[in-house]
Structure formats: C-alpha cells, structure tokens
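Me: I've got a model open here and want to go through its side-chain packing and charge pairs. Can you take my questions one by one?

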Amino acid sequence: RPFFSELENSSLIKIDLTENDKAYTIHAEMPGVNKEDIKVQVDGNRVSISTETKKEKEEKEGERIICRECYQGSSYRSFALDSDVDDTKAEAKYENGMLELTLPKLNGRAAKQIMIK
C-alpha cells in the first residue's frame, strides 16, 4: 500500500491515512504533546512527523516516583506516499491530542504509466 514505516519502536506515532483525487489526509495520534514540540516535514512524496516531549521539571527534593506513565522522549514517523505533495498548500492543525494534516497532491506529478515498446 502507499505508505510504510521505516522505524519500528515503542514510541511510534499512530496514524490514519486517507486520500481522494485531490489530497491526502493524515490523522496522527499525539496525546499530551505541545503544538510547539511537533515538527512536520514534507519532501516530495515523503512525510516525516516528529515530536519531543520533555519533563516539565524535575521532582521536588524528597519526592519519590511511585508510578510514571506519562511518556517522555521523542517520537518519529516517516512514510512515503504514492504522489508528490504540493507543500505550498499543505495544512496542519493540532487539537485534543490529534494532529491533522491535509496534503494536496501536486498536479501533473502523479505516477504515470510508461508505454512498453
């Protein structure tokens, strides 16, 4: 299918990918992340999403951690699409832990069938 993951690890960003004739839509699950910590890069047909989550502050002196389930660290996801993306019209919004990317397909750059002679 049109995308594949090149990085498998426990902090992989989970995505849903849909497309129509004009654009790809990507929903990436990124709970507990600040909008400022998200980076999205588009290069031709390759999309990379990364995030860095930092501890707010170190525990106070004398405090012991009993359980820590809030994820800290970095997450990364990169995949290739069938068509190149028009990065001048790409849009991204982040709300309630969900990043939504709208990536219009670049006109005239879709895969072409080559005639065999």
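Me: Is Asp86 buried or exposed?
Reply: This is a predicted model, so the call rests on computed values. Buried means under 20% relative accessible area. Asp86 comes in at 13%, so it counts as buried.

Me: And which residue does the side chain of Asp86 meet in a salt bridge?
Reply: The N to O distance in that pair is 3.6 Å, and the cut-off is 4 Å.

Me: How many salt bridges turn up in the whole structure?
Reply: A search of the whole structure puts the count at two.

Me: How many residues apart are Lys105 and Glu19?
Reply: Lys105 counts as buried at 16% relative accessibility, while Glu19 counts as partly exposed at 40%. Glu19 sits in strand β1 (residues 14-19) and Lys105 in the segment after β7. The pair links distant parts of the chain, 86 residues apart.

Me: Which elements give two or more residues to the largest nonpolar core?
Reply: That core has 17 residues, and Met30, Ile49, Leu99 and Leu103 touch the most other members. Leaving aside neighbours within four places in sequence, Met30 has contacts that include Ile49 and Leu99. The elements are β2 (23-29), β4 (46-53) and β7 (98-104).

Key. Residues numbered from 1 in each chain as written. Predicted model: local features only at pLDDT ≥ 70, side-chain atom pairs only at ≥ 80, totals over all residues. Heavy atoms only, no water. Core = buried A, V, L, I, M, F, W, Y, C linked by side-chain atoms within 4.5 Å. Buried < 20%, exposed > 50% of the residue type's maximum accessible area, 1.4 Å probe, protein only. Helix = DSSP H or I, 4+ residues; strand = E, 2+ residues; numbered from the N terminus. Contact = heavy atoms within 4.5 Å.
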